[in-house]
Amino acid sequence: MVVLPLVFLLGSQFLCGRGEFPSAGIEGLKQAALEWKGERKWPCVTWDCNCAFQHQRGCCCVADQMFKLEEDTYERIEYLWHDIISLKYKVKKLTDYRQIAFKATMALSAGTNLCFGPFNTNVPIPYANVSLNDANGYHPSLGVFTAPCAGVYVFSFTVYSNVWRNGLLYYKVQLMKNGVVAVSVWENNREDFEDTANQVLVLKLQRGDQVYTELMSGRKLCGHLQYNIFTGYILYPDAEENEY
């Protein structure tokens, strides 16, 4: 029972730098600490005791754990910084493309008898009067919207025609995505001389995809052409697909 107090006494004297002991004495203290079987166990393993008794004058039983904690903390901070930078660019992509919208109508007709068509081929409808064109995605000279970024978009178009009495109400307008029909509206009867129709749809686009409406060959739009409207806006961008 005398060994443990002696170990603590001599060990503390050594660790605090109050005295110098021959290596044989140090080894004896270490061995006594490791072999102690009393109620209070010496709180370190072999490596820690080597450190405490032979390598430095200070308590280093937890040095290894402290070094490991320091390395783990640095590694976690590095991962966190990488995630913050990644999030920053994703937020920038989303906010850069948050305002994409357009609205355009056909040119005001000079008279009620003026018609657009018929043509011998399908013709894109030129909505020349532009009242909104955020991000400049819509090209009025072509009547074509080109997606500035990848994302989900909402489009709508309204078709109006008035052939007056004894005329044939005969039109078919279709919305195209990259030359492929997405949706269409049509009318073909002699019972009505005035009619309107509209469509709304949601499309997933990649950057550079083109959307427009076209009048089918042999059909026509007449009367107040300014009532024909084409609109679109971005619902949300695709951050993963948009790269600088």
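These legends walk through an overall view and two surface close-ups of a predicted model. Residues are numbered from 1 along each chain as its sequence is written, and side-chain values use heavy atoms, without hydrogens or water. Local features need pLDDT of at least 70 and side-chain atom pairs 80 or more, while totals for chains, interfaces and linings use all residues.

View 1. Helices (H or I, at least four residues) and strands (E, at least two) are DSSP runs, numbered from the N terminus. Of the 244 residues, 37% are buried, meaning under 20% relative accessible area with a 1.4 Å probe, protein chains only. The accessible surface is about 15000 Å², and carbon and sulfur atoms hold 57% of that surface (Shrake-Rupley method, 1.4 Å probe).

**View 2. Glu70, Glu71, Glu75 and Glu78 form a negative surface patch.** Such patches take residues with over 30% relative accessible area and no salt bridge, joining like charges within 9 Å. A salt bridge here would be a Lys or Arg side-chain nitrogen within 4 Å of an Asp or Glu carboxyl oxygen. Asp and Glu count as negative, and the place of a Glu charge is taken as CD. Look for Glu78 in helix 4, residues 63-96; Glu78 is partly exposed at 48% relative accessible area (the class between 20% and 50%).

**View 3. Val202, Tyr233, Leu235 and Tyr236 make a nonpolar surface patch of about 420 Å².** Nonpolar side chains (Val, Leu, Ile, Met, Phe, Trp, Tyr) are joined within 5 Å. Strand 13, residues 229-237, gives the largest share, 3 residues. Tyr233 lies in strand 13 and is partly exposed, with a relative accessible area of 40%.
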